[in-house]
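Colleague: I would like to go through this model with you. Can we take the strands and then the cores?

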Amino acid sequence: MSGETVQEVFEAVCRVAPHISSGLLKRREYVGEENPSDEKQLEADVWANEFLKEEITSIKGVGQFASEEEKHVTECGDGVSVAIDPLDGSSNIPTNNLVGTIVGIYDEELPCKGRNLISAFYVVYGPLMTLVKAEGGQVNEYVIEKDRKDQVEIHLASEDIEISEPGVYGIGGNKNWTDEMREFESGISQELKLRYGGALVGDVNQVIHQGGLFSYPDRTDAPEGKLRLLFECNPIAYIVENAGGASTDTDRSIMDIEAEELHQRTPFFVGNEELVDRAEERF
Ligand code: AHG
Ligand code: MN
Ligand code: MN
């Protein structure tokens, strides 16, 4: 049953993704509201959320829907719980840099641990529209296109992706790094190429394909860091670990973190196991 529902959520997101991408142009203004993480909301954040919420809550096997853009969980029947970041990296829209959508499908009521994930995927709205999906220990990449009759086509581009040897790194929050992080980054910068684009999905997509490390760590002004456990960190950690990588908050796998609050944040490291282990030893 939940496998069918995962497929229905996957197909719904693939159907909506081209509309979200084409709708970004007209929605680059801030709406003067803040999301539950006290961050300014772009019109595109709100609009993408409404679009995805309508599609996902109408799927029979979905029992709960939660979004980075909404304070509370929406009860919508019986079944799996779907947590989304409708538009990740939305501050990149005015400069036409990468943005994405992140989806985590849990088989427990929210908030809950990442170990309860049964599937997770992210869309990257870039030169190609791609979706990377983990389910049952396998990570596949799809290209989403529209045919001449405006119908959505989903093409399997890469199957059973394994994270490559370390190649690139990107660490966010640099203005407020701790001294330990400055020292750690200066070591890593001599081994790997710097690739930081300001959208989690784009930066992690590079690490999945080229190997390496992505982190948004604790900051001197934000001990829990910036990224949200349920909507960003758990789904991405699930995907990276299913691709043979690792994740940590510097003490444990991201997916072992107890979830008390729906919008709780966590320091976040993902990438090759050797690099994640190094971060755990260092911090
Ligand atoms: P969102 O747009 O969903 O709030 O996510 C933005 C996040 C994440 O995508 C990215 O890794 C991080 O913010 C970038 O933060 P900085 O702008 O501080 O680099
Ligand atoms: Mn995000
Ligand atoms: Mn977002």
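Colleague: Why is E8 largely enclosed by the rest of the structure?

Modeller: Bear in mind that this is a predicted model. Buried means under 20% relative accessible area. E8 is largely enclosed because of its buried residues, which number six of the seven.

Colleague: Which residue of E8 is the bridge partner of Tyr122?

Modeller: E7 (117-125) and E8 (129-135) pair in the antiparallel sense, over seven bridges. They form a hairpin with three residues between them. The bridge partner of Tyr122 in E8 is Val132.

Colleague: What stands opposite Thr130 in E9?

Modeller: E9 covers residues 138-146 and pairs with E8 in the antiparallel sense, over six bridges. In their hairpin two residues lie between the strands, and Gly136 takes a positive phi near 60°. Opposite Thr130 stands Val143.

Colleague: Which element gives the largest share of the largest nonpolar core?

Modeller: This core has 41 residues, and Tyr122, Phe214 and Phe268 have the most contacts inside it. Elements giving two or more residues include E7, E8, H4 (200-210) and H5 (229-242). Domain 1 (2-158) and domain 2 (168-282) each supply at least three residues. The largest share, nine residues, comes from H5.

Colleague: Which residues is Tyr122 in contact with, leaving aside neighbours within four places in sequence?

Modeller: Among them are Thr130, Leu131 and Val132. Other contacts of Tyr122 include Val201, Val204, Ile208, Ile236 and Ile239.

Colleague: How many residues does the second, separate core have?

Modeller: Val6, Val9, Val16 and Leu42 are among its members. The size of this second core is 35 residues.

Note on methods
Residues numbered from 1 in each chain as written. Chains lettered and ligands numbered in written order. Predicted model: local features only at pLDDT ≥ 70, side-chain atom pairs only at ≥ 80, totals over all residues. Heavy atoms only, no water. Core = buried A, V, L, I, M, F, W, Y, C linked by side-chain atoms within 4.5 Å. Buried < 20%, exposed > 50% of the residue type's maximum accessible area, 1.4 Å probe, protein only. Helix = DSSP H or I, 4+ residues; strand = E, 2+ residues; numbered from the N terminus. Domains from an automatic or database assignment. Contact = heavy atoms within 4.5 Å. Pairing = 2+ DSSP bridges.
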